[in-house]
Structures are given as C-alpha cells and as structure tokens.
Amino acid sequence: RESDHRAWTPVSCTVTRQNATVQGLTEGKAYFFRIAAENIIGMGPFTETTKEIVIRDPITVPDRPEDLEVKAVTKNSVTLTWNPPKYNGGSDITMYVLESRLIGKEKFHRVTKEKMLDRKYTVEGLKEGDTYEYRVSACNIVGQGKPSFCTKPITCKDEIAPPSLDLDFRDKLIVRVGEAFSLTGRYSGKPAPKVTWLRDDIVVKEDDRTKIKTTPTTLCLGILKSVREDSGKYCVTVENSTGSRKGFCQVNVVDRPSPPVGPVIFDEVHKDHMVVSWKPPLDDGGSEITNYIIEKKDAHKDMWMPVTSATVKTTCKIPKLLEGREYQIRIYAENLYGISDPLISDEMKAKDRFRVPDAPEQPIIKDVTKDSAVVVWNKPYDGGKPITNYIVEKKETMATRWVRVTRDPIFPSTQFKVPDLLEGCQYEFRVSAENEIGVGDPSPPSKPIFARDPIAKPSPPVNPEAVDKTKNSVDLSWQPPRRDGNGKIIGYLVEYQKVGDEEWKKANLTADSCPETKYKVTGLTEGLTYKFRVRAVNAAGESEPAYVPDPVEVKDRLEPPELILDANMAREQHVKAGDTLRLSAVIKGVPFPKVSWKKEDHEVSPKADIEVTGVGSKLEIRNTVHEDGGIYSLTVENPAGSKTVSVKVVVLDKPGPPRNLKISEVRSDSCYLTWMEPEDDGGSVITNYVVERKDVASAQWLAISSSSKKRSHIAKYLIEGTQYLFRVAAENQYGRGPYVETLKPIKAIDPLHPPGPPKNLHHVDVDKTEVSLAWDRPDRDGGAEITGYLVEYQEDGADEWTKFQTVPMLDCVVTGL
C-alpha cells in the first residue's frame with residue numbers, strides 16, 4: 001500500500017520462494033509491504049515492513065574517498081584530510097571511518113569516533129618514533145564502502161624545515177622626506193617562524209605612521225610620511241627552532257640640510273674684505289653637502305649680494321667691502337635634495353685689521369694689606385699690534401670716578417702692587433691694555449676688597465655651657481672669642497661625642513647656620529651621656545675648640561605646666577554674634593605640655609580652629625552664634641603636673657521668641673494679650689516688646705505697640721466680628737528676635753453667657769403615660785440666640801433627673817411615663 005493510503009493491494013498469491021519482485025510502482029513514492037504464508041489449511045498472519053520504502057534507483061555502498069593526504073605530523077599526532085568519493089552510491093554520506101595500522105602489524109584499527117562527517121581529522125596520543133599508515137572509508141544508508149588507498153608510512157616526529165626568506169627590497173633604499181616606503185617579502189619554515197623587525201638593533205613598534213603586517217607566508221613593514229629619523233639599518237629576522245634567516249636594508253630618508261651651525265666667526269676684518277668661518281650643519285639631510293652659498297648685505301640696505309656658491313670649505317673671503325660700512329653675512333648649505341635655511345651673522349664693520357687691544361678679563365686681587373693690594377690680570381688679544389703698556393685704575397666702591405694708580409709704564413708684567421690705599425676703605429680695580437693704535441677698553445671691575453691687614457683665625461669661644469636639655473636635645477650657650485683675628489666671626493661649629501667613643505660628630509655642617517652664641521643640639525639618644533665643644537669661624541678658618549666642662553646626660557628636664565593668660569581669657573568674655581571669638585594663653589613647661597580645650601566638659605565645636613605652638617595655644621571661632629557661648633576650659637598637662645583655666649563666653653545676640661502667648665478677655669472691640677519672656681535673652685537685657693496684629697483677610701501686619709516693657713498688652717480698636725492674628729517679638733540692644741504668633745485667629749465679639757431659666761413651666765394635658773408641657777421664654781438669652789430647650793423628668797422620691805430630649809419650641813409632650 002502507498003504510505004498515505006490505508007488500503008492494501010495484492011501483488012502475488014502464488015509465490016513459493018522467499019522473495020518476490022514488485023512491479024508497477026511509482027518512482028519517488030513511499031510504500032509499505034506485507035507478507036503472509038499459506039498452506040492447505042489456510043493463510044497465516046501478515047508481517048509488515050517496519051518503515052516506509054521510497055522507490056528510487058538501486059542504492060549501493062559509496063565509492064572509496066579520494067585524495068587522502070597528510071597535512072601535519074608531530075611527535076605525537078598526525079593530521080589528515082580527504083575528499084568525498086566521486087559517487088555516493090545513490091545515498092548521502094552518513095559518516096567517514098578512518099583506520100590506522102602500525103607498521104609491522106597486520107590489522108587496521110578504527111581511530112575516528114561515531115558519526116564523523118568532517119573530512120579533516122587529527123589522530124592524537126601517538127608514540128614518538130612509531131610508523132603508521134592510514135586509510136578512510138565512506139558510509140551511507142547501505143553500509144561502508146571500499147577504503148581509500150593507504151597513505152605512505154608516516155613516522156611520528158616533529159616536522160622540521162629551516163626558515164627561508166625571499167625579500168623584495170635591495171640592500172639600500174633612498175626615500176625623500178614625506179614619502180612612504182615599504183619593505184616586503186615571503187618566508188616559510190616549520191614550525192612556523194617568528195618574524196621580528198629591527199631598526200638599528202631596536203625593535204620596530206607599530207604607531208600612527210608605522211604599520212607591520214605578517215601573514216603565514218608574507219611579511220611587510222610600511223612607513224607613512226617618512227621623516228629623517230626613519231633612516232637606519234632595517235633588519236627582518238625569521239626564526240624558528242631550527243635556525244634563523246635575516247634580511248637587511250639600509251634606508252636613507254633624505255631631505256635638504258639643516259642650516260650651518262653658527263655663530264659666523266669673523267677670523268679677519270679689514271677695510272675692504274673679511275674672512276669668515278662657520279661649522280657644518282648638524283644634519284646634512286642624509287646626503288653629502290655639495291656646496292655652500294654665501295651672500296653679503298650692507299646693514300643699512302635690504303638687498304643681499306652673492307659672494308660665491310661654489311665653495312665646499314667652511315671658510316670664505318668676503319671681498320669688495322667699503323671701509324666703515326657695517327655688513328651681515330648669510331650662508332646656506334646645499335645638497336642634492338635642496339638648500340637649507342640660512343645662517344645669518346651679526347653686523348661687522350669693515351675696518352683695518354689693526355686695532356686697540358681687547359679689554360682684559362676681570363682682574364684678581366691678592367695680598368691685601370691696610371694700605372696696598374696686588375692686582376693680577378691675563379694678557380688680552382693685542383689687536384694685531386704688540387701691547388706696550390697696561391693702565392691700572394682704582395675706585396672707591398661708592399665713588400664714580402676712576403683714578404690711575406701710577407703714571408709709570410707697566411709692562412711686560414701682568415700684575416702690579418697698588419700703594420697708598422686708605423685703611424678700611426673698599427676698593428675696586430680695573431686694567432686697560434695699550435698698543436701703538438691706542439688704549440683699549442678697560443676690563444670689568446674686580447671684586448670689591450677692603451684695605452686692611454689679613455685676618456687670622458679667631459681664639460676659641462669663651463665659657464661654653466649646657467643651659468637646658470630634653471630627652472633628645474641639649475641647649476648650649478657660650479661667649480664670643482676674645483680675639484676675632486681681625487675678621488668678622490661668620491658663625492660657630494658645634495660638635496658632640498658620646499662618652500666612650502673617639503669620634504666627634506658635627507651638630508651643624510656650616511658656621512653660618514649658627515651665627516649666634518647659642519645652639520640646640522638635636523637627634524640625641526635618651527639616657528646617654530655626651531661631651532660638647534664649640535669652634536669660632538671667620539674668613540681665615542676655624543678656631544681651636546672650647547669644651548663644655550662636664551659631660552651631659554640626655555633626659556627631660558621636668559617643669560610643671562604654667563599658663564600665662566592673655567586678656568581675652570578673663571573670667572567672662574563677651575563677643576557679639578557674627579564676630580570672631582579668640583581665646584589664647586602662653587604655655588610653659590618641660591617637656592612642653594599636652595594641650596586640650598573643652599566646652600562644658602565636652603569637645604569644642606568642629607568649627608573652632610585650635611592652634612598649638614611651642615609657646616602657647618589659641619582657639620578661634622569665626623561667625624559666632626549664640627550656641628557658641630558657654631564655659632570654655634584650657635587644660636595643659638605634662639608628667640610634672642597639670643593646670644586648667646576656664647572662661648565664660650557670652651555671645652551677645654538678638655533675643656529668642658517670647659513664650660506662651662495667650663489671648664483672653666475677648667470683647668467686640670478689644671482683647672487682652674499675655675506672654676512670658678524668651679528662654680534666651682541673647683546675653684543682654686530685654687529692652688521692649690513689639691506687638692502686631694493682622695486681619696486674617698489681609699497680608700499686612702500692623703504694629704499696635706513697639707515700646708512695651710510689660711509682658712501683657714490690651715489690643716484695642718478691634719472691629720466687631722473680624723478675625724485677628726497677633727504676634728509678639730522681644731528686642732534688646734542687638735536687635736529684634738523672632739516673632740511668636742497665635743496659632744488660631746480670634747473673633748472680636750463679646751463673650752457669651754448661659755441663658756436664664758424658662759418661665760412659667762406648666763402642664764396643659766395629662767394622660768396615663770404622657771404629659772403635655774408648655775413654658776415661656778427666659779428673661780435673658782446670654783448674648784446669643786436660644787437654639788433649644790432641654791426637657792428632663794424625675795420620678796417622685798428619686799434623686800436623679802432623666803433627660804428626655806431637646807426641643808426648639810416652647811412646648812413638649814413627654815411620653816413613656
């Protein structure tokens with residue numbers, strides 16, 4: 001039967017074999033088949049095919065796979081690939097079976113896992129040195145086809161091939177600045193080589209201009225917008241475990257040269273020509289300098305004139321000059337790739353080469369006494385003519401006129417002893433050189449010197465002693481030396497030595513760090529004993545040492561704390577709100593006491609700035625408010641004792657709001673206000689109270705009293721029936737405090753009283769369970785309209801009245817009796 005039909009169609013009834021051919025089927029359709037056996041008794045049950053069968057051409061196993069290749073071999077794995085069989089047997093390939101045989105064995109063993117359809121497989125876990133051959137079969141719905149042809153025997157070992165390198169560039173490459181260049185090539189090797197680029201033995205890294213691209217077979221280094229610094233010897237290294245190959249290229253990025261190096265030196269100057277020289281450019285642009293271009297210009301004209309463009313030397317003669325004119329020289333460097341920026345000289349006047357001597361360098365003064373000094377100088381350039389004389393001049397430092405020290409010639413000696421100085425005066429000296437052309441410029445003035453006899457080292461300081469000490473320092477004091485050696489005492493050097501040591505250590509390195517006759521030696525070790533000595537120092541050197549008589553044991557000297565109060569620490573301190581509160585005291589004690597400030601036995605406010613110095617302490621609170629008032633205490637404590645002082649601080653401010661504002665005795669035109677004084681009077685006496693009122697329908701408050709000293713007030717002139725709010729504020733000499741306001745408005749009306757009793761109560765009718773009552777209105781309604789009458793009844797002899805109901809009229813029927 002067809003798979004989509006339910007009816008069975010007979011094929012044959014006379015089949016005696018165990019097979020039959022079914023004809024007349026439609027290709028592509030699916031069918032089910034069933035078979036029953038029959039004997040003379042009858043036909044047995046049918047047996048059906050379990051699955052539908054699609055009618056198509058006959059299906060066979062696939063052909064053998066093709067092109068089985070070994071792609072990679074290592075010491076413990078083999079990677080193989082293959083192509084599908086040319087014919088799949090009429091059915092899709094369902095999997096491939098890869099088999100291997102160890103050389104020397106007979107059987108092939110399956111190595112792939114179930115249902116493998118990939119045509120690439122890596123056999124792993126092999127033993128190094130073993131040799132295998134492989135084959136692969138394809139499977140379809142029918143079964144497994146023939147295996148492929150076997151591979152050659154494959155031995156498990158790492159595949160090795162030394163690197164090879166094929167470069168596309170020559171040994172040298174010249175590139176213009178700004179152009180791009182690239183170095184490319186191909187390479188191979190197993191295992192895959194590592195590619196490294198170097199420039200002048202430094203690894204090249206990628207950046208915005210430098211790009212490196214490496215594929216498994218090609219390599220490339222590219223440089224965009226090249227600059228001179230890209231020049232160098234480039235090296236590409238291709239390396240694996242078997243060896244390495246290198247390729248080199250000398251890249252020269254060329255440009256025009258940089259300017260010649262100045263300054264331009266005028267080697268010779270004459271009235272009609274000059275000889276100048278210079279230094280080559282620092283950067284020749286990567287190409288040899290072919291020539292220099294030299295031009296000249298009259299300093300007072302704008303036109304440059306050529307001198308030469310054919311020199312390769314760094315010196316040139318500038319001809320055809322006019323005497324007395326000033327000239328500038330301009331020099332360019334040129335190479336194959338262009339002309340540099342120019343080097344321009346200073347202005348130089350064309351004049352004869354012979355001139356007065358140059359000014360000598362600053363002279364040196366030595367061997368100074370109270371009336372003489374020796375001036376020493378170096379010979380200057382003689383201007384082309386021999387020096388015939390030196391002129392030495394002197395000048396008092398504060399004077400303006402220079403005076404020659406002698407009319408006699410001074411030559412060839414380059415020093416002269418100047419006589420006739422005034423003791424104690426300060427002098428400067430200068431020297432000029434003279435040749436046959438004339439007298440040259442004077443030298444710079446010498447350093448000022450005082451005319452006085454040379455100084456000697458001072459005598460030792462007098463009476464050094466230890467005047468104070470702590471656990472790590474000692475204070476020393478002494479008197480100046482009796483003799484200062486005719487020189488000012490620059491300062492003193494203090495040294496100390498631990499008892500038992502041989503070495504003396506410097507407490508200060510330079511004398512000018514201790515100009516006074518006292519010094520604190522710090523950094524000492526508590527409990528040790530030290531010796532001390534002091535030297536005086538002047539310009540001539542150090543004196544002999546003066547010793548402190550006895551060794552000093554380093555430990556704290558105890559003195560109990562002492563407080564010297566400033567004026568702002570009087571018993572009571574008043575400060576206006578918003579001003580700054582300052583409390584301070586001088587503190588003494590050894591060691592320096594620990595300082596603590598408290599307010600009412602608590603920590604002071606974080607807004608307080610507390611400063612503690614080596615001599616005292618200060619507490620400062622800016623922008624004080626009333627809460628900053630209170631009792632402040634300062635405590636100082638050290639091991640010798642403690643001391644505490646207190647000060648009451650009153651911050652003067654506006655008062656707080658009045659308390660407990662009440663309204664009473666309300667009338668149609670007035671009411672009575674009472675209140676209590678504020679909890680906080682701001683530190684000053686309440687001078688008066690301000691009372692204001694406001695109609696609830698109005699936005700504006702009106703003052704009804706601004707000078708009342710009492711804590712009550714009658715508000716008059718109210719409008720009957722109007723609702724009012726009231727508020728009160730206190731004032732002292734520092735201003736008006738906040739208002740306290742009534743919580744609810746009050747209405748200006750006369751007070752209400754209970755009405756009078758009804759009149760003439762009597763009964764008008766009586767029944768067995770009810771009574772009809774009637775009465776007249778009372779004489780007074782209490783100031784308001786009567787809203788009703790309360791009716792009560794009482795059983796005769798009882799004590800309590802029972803409420804019946806409230807009625808609006810002047811009669812009522814009481815029921816339920």
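# Exercises on rings, pockets and backbone

Phe 33 is partly exposed, with 22% relative accessible area. Buried is used for values under 20%, exposed for values over 50%, and partly exposed for those in between, with a 1.4 Å probe and protein chains only. The model is predicted, so local features need pLDDT of at least 70 and side-chain atom pairs pLDDT 80 or more, while totals for chains, interfaces and linings use all residues. Numbering runs from 1 along each chain as its sequence is written, and side-chain values use heavy atoms, without hydrogens or water.

## Exercise 1: ring pairs

Find Tyr 31 and Phe 33, and classify their aromatic pair.

**Solution.**
Step 1: recall the rule. Rings of Phe, Tyr and Trp (its six-membered ring) pair if their centres lie within 6.5 Å; planes under 30 degrees apart are stacked, over 60 edge-to-face, and the rest tilted. By this rule there are 15 aromatic pairs.
Step 2: apply the rule. The centres of Tyr 31 and Phe 33 are 6.3 Å apart and the planes make 35°, which gives a tilted pair.
Step 3: look at the surroundings. Tyr 31 counts as buried because its relative accessibility is 8%, whereas Phe 33 is partly exposed.

Now try the rings of Trp 278 and Tyr 292: what kind of pair are they?

**Solution.**
Step 1: the centres lie 5.5 Å apart and the planes meet at 75°, so this pair is edge-to-face.
Step 2: locate both residues. Trp 278 is in strand β22 (residues 274–279) and Tyr 292 in strand β23 (residues 291–298), so the pair ties together parts 14 residues apart in sequence. Strands here are DSSP runs of E with at least two residues, and helices are runs of H or I with at least four, numbered from the N terminus.
Step 3: check accessibility. Trp 278 is buried at 5%, and Tyr 292 is buried at 3%.

## Exercise 2: charges over rings

Which ring does Arg 64 lie over, and which does the charged end of Lys 233 sit over?

**Solution.**
Step 1: the rule asks that NZ of Lys or CZ of Arg be within 6 Å of the ring centre and within 35 degrees of the ring normal.
Step 2: Arg 64 lies over the face of Phe 149, 4.5 Å from the ring centre.
Step 3: the charged end of Lys 233 is over the ring of Phe 248, at 4.8 Å from its centre.

## Exercise 3: pockets

Describe the largest pocket and then the second largest pocket.

**Solution.**
Step 1: know the method. Rolling a probe the size of a water molecule over the atoms shows where empty space is left. On a 1 Å grid over the protein atoms alone, with a 1.4 Å probe, a pocket is an open set of points with protein on both sides within 12 Å along at least five of seven lines; lining residues have an atom within 4 Å of a point. Points are joined across faces, edges and corners, and the volume is the space filled by probe spheres set on them.
Step 2: the largest pocket holds about 1000 Å³. Its lining has 31 residues, with Val 11, Ser 12, Arg 34, Ile 35 and Ala 36 nearest its centre.
Step 3: sort that lining. Ala, Val, Leu, Ile, Met, Phe, Trp, Tyr, Cys and Pro count as nonpolar, Asp, Glu, Lys and Arg as charged, and the others, Gly among them, as polar. For the largest pocket this gives 17 nonpolar, 9 polar and 5 charged residues.
Step 4: the second largest pocket holds about 310 Å³. Its lining has 14 residues, with Pro 758, Leu 761, Trp 775, Leu 790 and Val 791 nearest its centre. Elements that give two or more residues to this lining are β65 (771–776) and β66 (789–793).
Step 5: β66 gives the largest share of the second pocket's lining, 4 residues. By class, the lining of the second largest pocket has 11 nonpolar, 2 polar and 1 charged.

## Exercise 4: backbone

Where do Asp 200 and Pro 263 lie in the chain?

**Solution.**
Step 1: most residues other than glycine have a negative phi, and most peptide bonds are trans.
Step 2: Asp 200 has a positive phi near 50°. Asp 200 belongs to the loop between β15 (194–199) and β16 (202–203).
Step 3: the peptide bond from Gly 262 to Pro 263 is cis, with omega near 0°. Pro 263 is in strand β21 (residues 261–269).
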